[in-house]
Amino acid sequence: MTDANVDLRVVRRPGPAETPPRSVRTRRTTRWRKDPWRKPRLLGSLTWGYFAWSTLPVIIAVVFSFNNGRSRSSWQGFSMRWWTGDPYNSLFHDPALHDAIFQSLRLSGLTMLLAVPLGTAFAIGLDRWRGRAAAGANFTMLLSFVMPEIILGVALFLLFTNLFKNLVHLGTFAQILGLVTYQVSYPVIIVRARLLSIGKEYEEAAMDLGASPTQSVRRVLLPLLFPAIFASFALVFADSIDDFVTVRYLSSGANTEPLSVKIYSAARASPTPAVNAAATFLLASTLIAIILGIVVYRFVTRGQRSDMATKEFVHFQM
Amino acid sequence: MPDEELLLKKARRKASPEGAVESGVWYPRWYWPSFAAPATIWIAILFVLAFYVVISVAFGTVDPLFRNPLPVYEPWWWSGATFSDVLSKFVGSDAFFLPAAMRTLIYVAAASVLCLVLGYGVAYYVSRYGGRRKGLFLVLLISPFWISYLMRVYAWQSLLTEDGFINDGLRFLHLIPHPVNWLDGRPTTVILGLVYGYIPYMILPIYGQLDRINQDLLEAGRDLGASPIQTFWRVTLPLSRQAILAGMVIVTLPMFGDYYTNDLLGSTKTAMYGNLIDTTINSPGHGPQAGSLVIILVVLLALPMAYYLRTTKRAVESA
């Protein structure tokens with residue numbers, strides 16, 4: 001096979017054969033270059049380089065939350081100083097950071113509890129309700145999803161400080177309203193994808209057997225949708241605990257700022273490894289939510305092929 | 001014949017499961033809309049109405065004493081004074097907003113092209129040569145989505161400080177004689193920060209599309225005498241064009257509203273359009289200006305947003 005290739009090349013291009021023979025080295029590189037089955041080393045190193053580039057900084061930041069000095073870049077030994085040790089400046093003892101942890105959990109928990117039912121109901125309704133109004137509602141919903149977040153943040157800030165100024169005060173309530181508005185399209189997209197893959201047969205069967213529409217939704221459709229609903233809970237929680245744009249505009253001052261906003265402000269001033277600890281805390285909460293989501297998702301979809309479940313869950317990110 | 005077509009349509013409707021549901025079970029007309037109603041009302045008030053307030057603020061005035069915006073909700077009383085004032089700051093001699101707008105265009109263009117080149121390579125490698133490691137690769141591709149953007153940019157900020165690891169490494173390699181302050185407003189830092197932040201959003205759609213390409217097509221191309229490069233150029237690339245466009249839109253849309261990357265990695269010298277909005281909304285008495293800047297951004301992004309919505313809608317329907 002290789003010989004034939006070489007022969008062909010000589011026949012096709014007699015030019016180089018007349019010139020003095022090329023060095024073995026050049027010939028070898030040419031053959032390597034022309035080998036269709038060679039390993040794509042360049043692309044391979046690009047890919048591995050990318051993975052190192054994308055993960056190493058974060059790992060280093062996590063490691064430095066355990067630094068024994070004030071620096072975020074020179075290692076001075078392991079300590080829990082910035083987590084619990086320091087009585088004033090550590091994540092769990094600094095009163096401002098301590099409150100911010102609870103504000104973060106409060107905001108993302110309540111957002112999750114509001115956004116997922118709203119979005120799920122919307123997805124079910126939209127799957128069957130056709131017409132111009134439905135298309136318009138769907139379009140607006142998705143529009144809020146693809147808009148740069150700063151636009152929504154500023155719009156809600158102006159809404160709450162002008163038209164609704166006697167109705168909604170900046171602070172926790174406004175932040176939750178804002179987060180739900182931004183996150184509600186997440187469950188809509190996830191649940192709709194699942195609805196399309198379920199099809200309508202089960203529901204029809206239920207109604208042929210005498211179930212009312214409501215019974216068929218509650219006892220057939222909702223259990224079938226449970227994996228998608230659970231995935232939405234995990235993803236909405238993870239996404240809203242990380243949010244720092246909308247909640248920053250809608251906070252009423254330092255006491256309603258969640259951890260993410262504290263990190264953002266501290267990073268612009270003079271950050272200590274306590275900020276690393278705070279960021280690591282957020283990272284851990286996100287990962288726990290996601291891993292819990294995947295585990296439950298795989299558990300409730302255990303009838304399906306196992307790789308399908310993970311793939312579907314992963315697909316929700318897109 | 002129109003009659004025949006009508007009959008055919010009816011028959012097809014009956015055959016489809018959707019038609020069967022409609023003909024078999026009676027739903028009250030309000031039944032499905034009532035499911036969608038709560039979220040629809042929510043979005044109508046907190047998104048559509050909010051946007052109307054933005055317009056009212058932008059075309060309203062400011063309280064001369066307290067400097068808070070006085071929105072005008074009746075369109076017939078709208079005054080375009082602030083809006084045209086803001087617009088005039090993008091052109092001419094008093095172009096206060098122009099530098100940031102130009103920077104945004106250049107940074108976004110550079111960063112998204114870099115995202116595409118690097119991201120395509122990674123996506124291509126993972127989809128074609130992933131092999132047994134594909135699961136690991138996929139987790140590595142997704143993991144940036146689970147790490148907050150803030151954490152990722154903050155991590156880079158620590159690495160890029162004057163005594164950070166980047167300076168240590170470059171000095172160790174004798175590439176620079178003195179530590180460089182990478183964070184004092186360098187376009188390269190900000191552009192690379194943007195690439196770092198948004199490249200996962202580029203890789204995933206391209207990977208998804210490349211993974212779906214039937215390998216037989218590539219083999220057919222090779223069998224018919226195309227070189228690997230020709231196969232790529234004439235088979236793989238055209239088949240992934242849709243994903244490239246989608247990825248470009250997904251990546252550029254948030255970049256246009258990005259102010260935090262520059263806040264953490266740059267300075268006022270590298271301020272972008274997002275920074276204009278952010279500083280304007282945070283300075284008292286500038287509500288109408290901030291509203292106008294937001295409206296301008298929305299108008300500029302309307303086309304890519306519409307495109308993105310259309311492609312995702314098609315993708316959902318074909319799924």
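## The Asp211(B)–Lys134(B) salt bridge

In this predicted model, Asp211(B) and Lys134(B) join their side chains in a salt bridge, with N and O 3.0 Å apart. The term denotes a side-chain nitrogen of Lys or Arg within 4 Å of a carboxyl oxygen of Asp or Glu. Distant parts of the chain are linked by this pair: Asp211(B) lies in helix 9 (residues 187–212) of chain B and Lys134(B) in helix 6 (residues 134–146) of chain B, 77 residues apart. Helices are DSSP runs (H or I, at least four residues), numbered from the N terminus.

Both partners are partly exposed: Asp211(B) has a relative accessible area of 30%, and Lys134(B) has 26%. On this scale, buried means under 20% relative accessible area, exposed over 50%, and partly exposed in between (1.4 Å probe, protein chains only).

## Salt bridges within chain A

Over all chains, the count comes to seven salt bridges. One of them pairs Arg128(A) with Asp127(A), the closest N and O atoms being 3.4 Å apart. Arg128(A) is buried at 14% relative accessibility, as is Asp127(A) at 8%.

## The interface of chains A and B

The contact (heavy atoms within 4.5 Å) involves 90 residues from chain A and 91 residues from chain B. Together the two chains bury about 8,400 Å², 79% of it on carbon and sulfur atoms; buried area is the accessible area (1.4 Å probe) lost when two parts are put together, summed over both. Trp42(B), Trp146(B) and Tyr154(B) supply 10% of what chain B buries against chain A, more than any other three residues.

Two salt bridges are counted between chain B and chain A, including that of Asp263(B) with Arg268(A) at 3.8 Å, N to O. On the side of chain B that touches chain A, helix 3 (residues 31–58) of chain B contributes the largest share, 20 residues. That side divides into 73 nonpolar, eleven polar and seven charged residues, where Ala, Val, Leu, Ile, Met, Phe, Trp, Tyr, Cys and Pro count as nonpolar, Asp, Glu, Lys and Arg as charged, and the others, Gly among them, as polar.

## Basis of the values

Residues are numbered from 1 along each chain as its sequence is written, and chains are lettered from A and ligands numbered from 1 in the order in which they are written. Local features need pLDDT of at least 70 and side-chain atom pairs count only at pLDDT 80 or more, while totals for chains, interfaces and linings use all residues; side-chain values use heavy atoms, with hydrogens and water left out.

Terms used: Helix = DSSP H or I, 4+ residues; strand = E, 2+ residues; numbered from the N terminus.
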